[in-house]
Amino acid sequence: PFLSSNFSRNKNNIFPFLMPFLSKLNVDKMTDSEKFLGRWFSSLTEGHTALKNKRSISTESSDIVIQTTLECIFYLVNKCEVSQSYKSTLIQDTLVPLVIDERLSDGVRDCLGEYLWFWDRNSASSADVAKYNQLFW
């Protein structure tokens with residue numbers, strides 16, 4: 001509940017540290033990692049929605065949340081040993097809607113472009129990366 005309800009006033013102190021925090025957790029060793037990750041991304045989405053519903057939202061505020069969400073998604077898809085089906089679901093149900101539904105600033109588009117360029121460059125040598133790239137497009 002913390003991420004989804006309290007971050008609007010603490011976003012600059014919280015969001016830049018979420019992906020590094022996630023990388024320190026042994027997500028792939030958790031008993032029910034998919035449940036944990038589902039709640040993680042659900043909280044990020046709920047928090048971003050709450051932030052968007054505020055009248056005084058700035059582009060910077062939205063960018064922090066979107067970029068953090070992108071970083072967490074790409075970290076999990078590229079680095080963690082979570083199931084391939086969960087990675088596919090994460091791309092289809094979280095990444096694609098985020099990119100389609102949001103007006104992305106130049107900085108966020110650049111961040112997304114770097115990750116997608118990585119997938120494109122590595123598609124020929126990795127069937128998994130090729131699959132992720134295809135799922136996104």
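Helices (H or I, at least four residues) and strands (E, at least two) are DSSP runs, numbered from the N terminus. In that numbering, Ser-105 sits in the loop between H5 and H6. This is a predicted model, in which local features need pLDDT of at least 70, side-chain atom pairs count only at pLDDT 80 or more, and totals for chains, interfaces and linings use all residues. Residues are numbered from 1 along each chain as its sequence is written, and side-chain values use heavy atoms, with hydrogens and water left out.

**The loop residue**
- Ser-105 counts as buried because its relative accessibility is 17% (buried means under 20% relative accessible area, exposed over 50%, partly exposed in between, with a 1.4 Å probe and protein chains only).

**The nonpolar core**
- The largest nonpolar core has 36 residues, and Phe-41, Leu-95 and Trp-119 have the most contacts inside it (such a core is a set of buried Ala, Val, Leu, Ile, Met, Phe, Trp, Tyr and Cys residues joined through side-chain atoms within 4.5 Å).
- H4 gives the most to this core, with 10 residues.
- Beyond its neighbours within four places in sequence, Leu-95 is in contact (heavy atoms within 4.5 Å) with residues including Leu-70, Ile-73, Trp-119 and Phe-136.

**Where H6 meets H7**
- Leu-116, Trp-119, Asp-120 and Asn-122 in H6 meet Val-129, Tyr-132, Asn-133 and Phe-136 in H7.
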